[in-house]
Amino acid sequence: MKTPFILSSALAIHAAIVAHEADIESLDRAIGDGDHYINMKRGSEMIAGMYNELLPLPPEEALQKISMKLLSTIGGASGPLFASFFMGMSKYLKEHHAKINETNMHLETAAAFAYGVQSMMMRGKSNVGEKTMLDVLVPVSTTFTTMAAQGKSVAEICAAVKNAADKGLEYTRDLLATKGRAAGLGERAIGHLDPGAKSCQVMTHTVCDLVLKEMKQ
Ligand code: ADP
Ligand code: MG
């Protein structure tokens with residue numbers, strides 16, 4: 001993973017979040033407090049705004065700065081959770097920096113992503129099946145790791161990862177929420193998709209599409 005790619009992902013994610021305003025906003029209004037879209041928009045805007053500052057940095061340092069910025073500026077549950085995700089990725093890359101090369105790049109990126117997701121789970125004291133963004137991020141991470149370990153092509157990995165994100169999102173619909181604001185709604189949350197899971201599905205598609213686009217160039 002290279003810093004220019006992290007930054008082009010941030011720009012693409014910001015555009016995608018804005019394009020999905022209606023979906024994300026209405027989901028958090030239905031089972032949350034309606035601020036998830038604003039948190040995601042501001043967070044991605046903030047990272048995109050750090051473009052020039054982050055561009056010369058190695059990826060682990062760029063990710064660490066992103067984490068600290070999110071922690072200090074984005075409220076709600078999602079700010080600190082994404083901050084932990086980026087800090088986890090940064091830590092993994094710092095520890096494994098020396099052994100990452102062109103050959104093991106996919107597997108190592110998958111491992112860094114998995115470490116980020118685990119850091120988020122620790123911060124949120126949460127797991128899959130609780131109607132949160134983890135219902136998208138965990139299957140995305142597992143699929144990424146499995147496909148990379150099998151030596152699949154980038155196109156195959158992206159297709160499988162996007163499919164895992166779609167399924168994970170849909171899985172949240174009939175779940176009871178046991179974490180976050182929706183947990184207070186009991187059965188009333190059933191039938192609604194989780195807003196955090198929706199934004200993670202959007203971000204997963206966006207980053208995969210960017211990878212595919214850059215591959216063709
Ligand atoms: P808040 O809930 O504080 O208003 P946001 O609206 O920005 O914050 O984010 C809500 C999303 O955060 C939820 O839809 C859910 O996906 C996610 N979330 C909340 N609590 C947790 C948790 N403990 N672990 C993982 N994800 C969580
Ligand atoms: Mg909210």
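A pocket is an open set of points on a 1 Å grid over the protein atoms alone, where a 1.4 Å probe fits, with protein on both sides within 12 Å along at least five of seven lines; its lining residues have an atom within 4 Å of a point. A molecule sits in a pocket if more than half of its atoms lie within 2 Å of its grid points.

This is a predicted model, in which local features need pLDDT of at least 70 and side-chain atom pairs count only at pLDDT 80 or more. Residues are numbered from 1 along each chain as its sequence is written.

Select ligand 1, which sits in the second largest pocket. Show the 19 residues that surround ligand 1 (a heavy atom within 4 Å); N39, A77, S78, S126 and D194 are the closest. This shell holds 4 nonpolar, 9 polar and 6 charged residues.

Next, pick out the polar contacts (pairs of N or O atoms within 3.5 Å). A backbone polar atom of A77 is 2.7 Å from a ligand 1 oxygen. The side chain of H36 has an N or O atom 3.0 Å from an oxygen of ligand 1, and for a polar side-chain atom of D28 the distance is 3.3 Å.

Now display the 26 residues lining the second largest pocket; A77, S78, G180, R181 and D194 lie nearest its centre. The pocket holds about 450 Å³ of space, a volume being the space filled by probe spheres set on the points.

Finally, move to the largest pocket, with about 1200 Å³. Its lining has 42 residues, and M1, F5, S9, V207 and V211 lie nearest the centre. By class, 30 are nonpolar, 9 polar and 3 charged.

Key
Chains lettered and ligands numbered in written order. Heavy atoms only, no water. Polar contact = N/O pair within 3.5 Å; in protein donor to acceptor, adjacent residues only side chain to side chain. Nonpolar A, V, L, I, M, F, W, Y, C, P; charged D, E, K, R; others polar.
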